[in-house]
Amino acid sequence: MASFSFGAGNARKLRRIPLYLAGRLVTAIVPRSRDEWVFGCAVGIADGALALHRVADAHGEKTTWLVADEAQAREAERLGIRYVFRDSLRGFWRTARARVIVVTHGFGDAQRYAEHGALLVQLWHGIPLKRIGLDSPETTRAPVLPRLLQPVLAHLYRRATRRIAVLPAASHLVRGRLESAFGLSDASVPVTGEPRVDVLSTGTPAERRERARTALSTVLRMPLGHRRIVLYAPTWRDGAADPAVPTIAEWNGIRDLLDAHDAMLLVRSHPLGAGEYRAPGESDRIRLLGSDLVADVTPLLPGLDVLVTDYSSLAFDAALVPLPVVFFAPDLEAYKARRGLYGTYADVAGERFGRTWDETLSLLAEVLTEPTDAIEASGRRSAAVHAHRDGRNAERVYRVIRSRLASPGRTDSR
């Protein structure tokens, strides 16, 4: 599995400084168009970028998707989306000419050397529970000589994030976190809701569940029937190995629980994480659901019965279903010390969460037997962090962008 760390990533950024300077020179000379929008997303043709693209396209905007590889190009063709390869000369030119650039993870979602001067929309990819950006020391961790390089990296990061014109927030609570993490003012962080979760509020609950179960059945290439589905989704640990990878004895315990409750466990380790989650032996009750199979798991949440996670923003996405969540934090103290959390873990997870697989399986058995309390807790999380639950977040973000294009410096988040 691919691994990534902030230290290694920051080392690459430092080596790319001459390329950034060259790109800055080109964008100072090349005029930007009045009507071109480009979209990029680290996980593919998905996430909030796809939701916003659909709205922009419906309003007649001239849009282009910046694909990273052939697989993304095939998906763009399947969806009828105009595209160019991000790292090609055409990708550089389209980005350099674009009036609006939309990303979901980082500036590298688009052509990072050609972004200066455009209206930059950073949709982000989840409500943060773990500290991000300037709020976490991990973001500016230096590969060598940390005392010398960390202030330099923090300065470069802050200068880069100041270019963000629009960063949608799910609520006023989340707005404060994003403003702090990216060093932005209220004007740049409108409370519109996240486009990426519109799919969780569109249609009736029954329609959403049927749609998600059908998609899951297609991905897994098997009928689901009435079998209950549990998703285990641990978060990224900044390049370190995941301490929650089960032992053989723990895998056996997981299988026993799944057999007892006629359930299936889908394991979605973070695409940037390190760890090995292949269960020993053959079992149709434990399947991997990696990003190679599903770029964005959010639309599948209504088809699940329980989510098991640690510090992932999926817990907040699941709240919109609402989906019961079991929290499993085997390295809570170490994670808080290295990465940091917004608030306390109990604010989100409550007082009962697992620190071992045995504890987590016990909690999971309770939820599979009687989910009412866990569903109610999930609903309370939704009320705390989601100001909008009408499936129109992407429309609101689109209106903000059009408002900014018409009157730079003004934001309308109605």
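This is a tutorial dialogue on reading the features of one predicted model.

Student: Let's turn to sheets. What is the strand order in the open sheet of six strands?

Tutor: Reading across the sheet, the order is E3-E2-E1-E4-E5-E6, and the pairing is parallel. The edges are taken by strand E3 (83–85) and strand E6 (164–166); each has a single partner strand, so one side of each has no neighbour in the sheet. From one strand to the next, the twist averages 35°.

Student: Can we zoom in on one pair? How many bridges join strand E4 to strand E5?

Tutor: Four bridges link E4 (residues 100–103) with E5 (residues 119–122), and the two strands run parallel. As an example of a residue pair, Val102 has Val121 in E5 as its bridge partner.

Student: Is Ala49 buried or exposed?

Tutor: Buried means a relative accessible area under 20%. Ala49 has 0% relative accessibility, so it counts as buried. Setting aside residues up to four places away in sequence, Ala49 touches Phe39, Gly40, Cys41, Trp65, Thr104 and Leu123.

Student: Next, E8. How many of the residues of strand E8 are buried?

Tutor: In strand E8 (residues 263–267), five of its five residues are buried. The cover is on both faces: Ala263, Leu265 and Val267 lie on one side, Met264 and Leu266 on the other, and all are buried.

Student: Which strands pair with E8?

Tutor: Strand E7 (residues 228–233) is joined to E8 by five bridges, running parallel. Within that pairing, Tyr232 stands opposite Val267. E8 also pairs with strand E9 (residues 286–288), again in the parallel sense, over three bridges. There, Leu266 has Arg287 in E9 as its bridge partner.

Student: How do I think about a nonpolar core?

Tutor: The general idea is that in soluble globular proteins, nonpolar side chains tend to be buried together. Here, the largest nonpolar core has 63 residues, and those with the most contacts inside it are Leu178, Phe182, Leu231 and Tyr345. Take Leu231: beyond its neighbours within four places in sequence, its contacts include Leu266, Leu289, Val297 and Leu301. A second, separate core has 28 residues, including Trp37, Ile81, Leu119 and Ala394.

Student: Last topic, charges. What is the general idea, and how many salt bridges does the structure hold?

Tutor: Side chains of opposite charge can pair when their charged atoms come close. This structure holds 19 salt bridges. Asp390 takes part with two partners: the closest N and O atoms are 3.9 Å apart with Arg392 and 2.7 Å apart with Arg396.

Student: Which of these residues are buried, and which are partly exposed?

Tutor: Arg392 is partly exposed at 43% relative accessibility, and Asp390 is partly exposed at 36%. Arg396, with a relative accessible area of 4%, is buried. Elsewhere, salt bridges that share partners connect Arg227, Asp259, Asp262, Asp284 and Arg285 into one network.

Student: And where does Glu194 lie?

Tutor: Glu194 sits in the loop between helix H7 (172–182) and helix H8 (205–220). Glu194 forms a salt bridge with Arg196, with 3.8 Å between the closest N and O atoms, and both residues are buried. For Glu194, the relative accessible area is 4%. Residues up to four places away in sequence aside, Glu194 touches Gly126, Ile127, Ala170, Asp317 and Asn393.

Conventions:
Residues numbered from 1 in each chain as written. Predicted model: local features only at pLDDT ≥ 70, side-chain atom pairs only at ≥ 80, totals over all residues. Heavy atoms only, no water. Pairing = 2+ DSSP bridges. Axes fitted to C-alpha atoms, helices over the stretch in contact; angles between N-to-C directions. Salt bridge = Lys/Arg side-chain N within 4 Å of Asp/Glu carboxyl O. Buried < 20%, exposed > 50% of the residue type's maximum accessible area, 1.4 Å probe, protein only. Contact = heavy atoms within 4.5 Å. Core = buried A, V, L, I, M, F, W, Y, C linked by side-chain atoms within 4.5 Å.
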